[in-house]
Amino acid sequence: MSIDRIVQMLMLGAGFSFMLLLVSLCTPRPIGLTKSTTDSPLLSVAQPITDTPEEDVPMLAYYYIWFDPPSWDRAKTDYPLLGRYSSDDVNVVRQHIKWAKEAGIDGFIVSWKGTERLNRRLDQLVEIANDEQFKLAIIYEGLDFDRNPIPVEQVDSDLNYFVQNYVDNPAFDLFAEPMVIWSGTWKYSIDEIKSVTETKRDNLFVLASEKNVEGYQRLSKLVDGDAYYWSSVNPDSHSNYLDKLTAMGEAIHKNNGLWIAPAAPGFDARLVGGTSIAERKEGQTLKTELSTALQSLPDAIGLISWNEFSENSHIEPSQNFGNLYLQLLAESELVIPTPK
């Protein structure tokens, strides 16, 4: 690993003290939902992360590009204001990015693995993101539909494809290297993880997706940090919620890694076999989870999600919730307070 890479990791891991979520008490004014909204004087458009002050905590929303019109016929209780779209629709993708920027979201963490359809859609998303000066990272889907690990040879091949095609693309210059989260690392052996990451870490920040300190420590020498996709947590019933996130952040930063802390507006995946429910409480759940995530001293917030409608964790403007969640984000500031 190069000296520059080590210095960058140290700066990211050591620069954070106590976090504060400051929510404006002003009377809410709705974000417009037309293509002209990026010119609105009410909201400032987020700049690329490389230009933000060091004390800002980047907000990154998990983003899914698997949608076709028939996708909306299964396991949905809410639908986008943009209609039952296809992820091939360039107008939809561009509008998503414009809305995200208005709300203060700095980038999308894009769900991807190597298929013809997803490769095409990723190409399109990258082009639009560059047009809009918006940042991207990847969550690599290492588990199949039945939650079994895909062959490690496919993981290796897909990440080689990503390096060859995107490593120098400005859309991915979120950190010193493009960031790839490997979803499902807990289903792979240490030797399997090593066989992939040892040839990639000169070009990528490869993060695990472990769910606790022990899981991360198992892989700590083979990855560059961890992103915990905890969409189902109910802040009202998990008494050790903050302690768990704090412990994970401390363990990852002790190893000079990147810590992406989770926050969600709510969760209900009963239509796809889930049992847990986290009520949205008219936005209070999102406020609580953002505040808790910040207290774990993250290098970025992983917002779950932009458009995971089957698990009802979406913040995209929708029929049921309108633009409530973008408004709440626009009224929030994720900053490090000046020490007294």
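Guide: A polar contact is a pair of N or O atoms within 3.5 Å. The structure discussed here is a predicted model.

Visitor: Which residue's backbone oxygen lies 2.7 Å from a polar atom of the side chain of Ser332?

Guide: Ser332 belongs to strand β12, which covers residues 332-335. A polar atom of the Ser332 side chain is 2.7 Å from a backbone oxygen. The residue that carries this oxygen is Leu328.

Visitor: Is Ser332 buried or exposed?

Guide: Buried means under 20% relative accessible area. Because the relative accessible area of Ser332 is 14%, Ser332 is buried.

Visitor: How many residues of strand β8 are buried?

Guide: Strand β8 spans residues 258-263 and is mostly covered. On one side Leu258, Ile260 and Pro262 are buried, and on the other Trp259, Ala261 and Ala263 are buried, leaving both faces covered. The number of buried residues in β8 is six of six.

Visitor: Which residue in strand β11 stands opposite Ala261?

Guide: Strand β11 comprises residues 300-303 and runs parallel to β8, to which four bridges join it. Within this pairing, Ala261 has as its opposite residue Ile301.

Visitor: What handedness does the unit made by β7, helix α7 and β8 have?

Guide: Strand β7, residues 225-227, is joined to β8 by three bridges, and the two run parallel. Gly225 stands opposite Leu258 in β8. With helix α7, residues 241-254, these strands make a β-α-β unit that is right-handed.

Visitor: What percentage of the residues of the protein count as buried?

Guide: The protein has nine helices and twelve strands. Among its 340 residues, the share that counts as buried is 54%.

Terms used: Residues are numbered from 1 along each chain as its sequence is written. This is a predicted model: local features need pLDDT of at least 70, side-chain atom pairs count only at pLDDT 80 or more; totals for chains, interfaces and linings use all residues. Side-chain values use heavy atoms; hydrogens and water are left out. Buried means under 20% relative accessible area, exposed over 50%, partly exposed in between (1.4 Å probe, protein chains only). A polar contact is a pair of N or O atoms within 3.5 Å; within protein, one must be able to donate a hydrogen and the other to accept it, and residues adjacent in sequence count only if both atoms are side-chain atoms. Two strands pair if DSSP finds at least two bridges between them. A crossover is right-handed if, with the strands pointing away from the viewer, the path from the first strand over the helix to the second runs clockwise.
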